[in-house]
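The exercises below each set a task and then work through a solution. Keep the sequence and the structure in view while reading.

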Amino acid sequence: MFSSLDISVLAHATEDENKITKFILEYFGKSLNSKQVETVKTEGHWKNPITRINIILLLFVDEYFGNIMNALITLYGKEELDRYLTNNVDMKGSVYFRLDKQKLCLGKLELSDNDAVRIIFRRKGKFEK
């Protein structure tokens, strides 16, 4: 169903980018052998240093999707999650979540638009099996 799981998060100067990366990789631990991690240094509006962490996972993507969906259905209910997904699935069928960064670092899931971990489950293209 999905070909990859793309994760991106911003680490501000007051945050430890290595800890954030470690917590995210621990949460998605089954895919450690198929991960790509990239960091990009940038600046905020007031010239404060920010690091963008990009992680791409290629294995167990469908399983992670199921796990996240089950956890969010338990937390929010099926109807509320369906409303969320209505606005967060693109025309190709890729699914977008924004999860609370602090909660994810504690191993918990919660939807959030502020200081979020952006997650994209990319739908397999027409030439992929």
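**Exercise 1.** Decide whether leucine 99 is buried or exposed, and find what surrounds it.

Solution. Step 1: the relative accessible area of leucine 99 is 0%. Buried means under 20%, so leucine 99 is buried. The model is a predicted one, and this value is computed from it.

Step 1: Leucine 99 belongs to strand β4.

Step 2: list its contacts, leaving aside residues up to four places away in sequence. Leucine 99 then touches Leu109, Glu110, Leu111, Ser112, Asp115, Ala116, Val117 and Ile119.

Step 3: take one of these partners, aspartate 115. Between leucine 99 and aspartate 115 there are 16 positions in sequence, and their C-alpha atoms are 8.5 Å apart in space.

**Exercise 2.** Describe the backbone and the exposure of aspartate 115 and of lysine 47.

Solution. Step 1: aspartate 115 is located in the loop between α4 (101-105) and β5. Its phi is positive, about 50°, although aspartate 115 is not a glycine.

Step 1: the relative accessibility of aspartate 115 is 37%.

Step 2: lysine 47 sits in the loop between β2 (35-43) and β3 (49-57). Lysine 47 is also a residue other than glycine with a positive phi, near 70°.

Step 3: lysine 47 has a relative accessibility of 60% and therefore counts as exposed.

**Exercise 3.** Work out which parts of the chain the aromatic pairs of phenylalanine 121 link.

Solution. Step 1: the structure contains eight aromatic pairs. One of them joins phenylalanine 65 and phenylalanine 121, with ring centres 5.1 Å apart and 75° between the planes. An angle over 60 degrees counts as edge-to-face, and this pair is edge-to-face.

Step 1: phenylalanine 65 is in helix α2 (residues 61-76), while phenylalanine 121 is in strand β5 (residues 116-123). The two are 56 residues apart, so the pair links distant parts of the chain.

Step 2: phenylalanine 97 also pairs edge-to-face with phenylalanine 121, at 6.1 Å centre to centre and 90° between the planes. Phenylalanine 97 lies in strand β4 (residues 95-100) and phenylalanine 121 in strand β5, so this pair ties together parts that are 24 residues apart in sequence.

Step 3: check burial. Phenylalanine 97 is buried at a relative accessible area of 2%, phenylalanine 121 is buried at 0%, and phenylalanine 65 is buried too.

Step 4: widen the view. Ring pairs join Phe2, Phe65, Tyr84, Phe97 and Phe121 into a cluster.

Key: Residues are numbered from 1 along each chain as its sequence is written. This is a predicted model: local features need pLDDT of at least 70, side-chain atom pairs count only at pLDDT 80 or more; totals for chains, interfaces and linings use all residues. Side-chain values use heavy atoms; hydrogens and water are left out. Rings of Phe, Tyr and Trp (its six-membered ring) pair if their centres lie within 6.5 Å; planes under 30 degrees apart count as stacked, over 60 as edge-to-face and the rest as tilted. Helices (H or I, at least four residues) and strands (E, at least two) are DSSP runs, numbered from the N terminus. Buried means under 20% relative accessible area, exposed over 50%, partly exposed in between (1.4 Å probe, protein chains only). Contact means heavy atoms within 4.5 Å.
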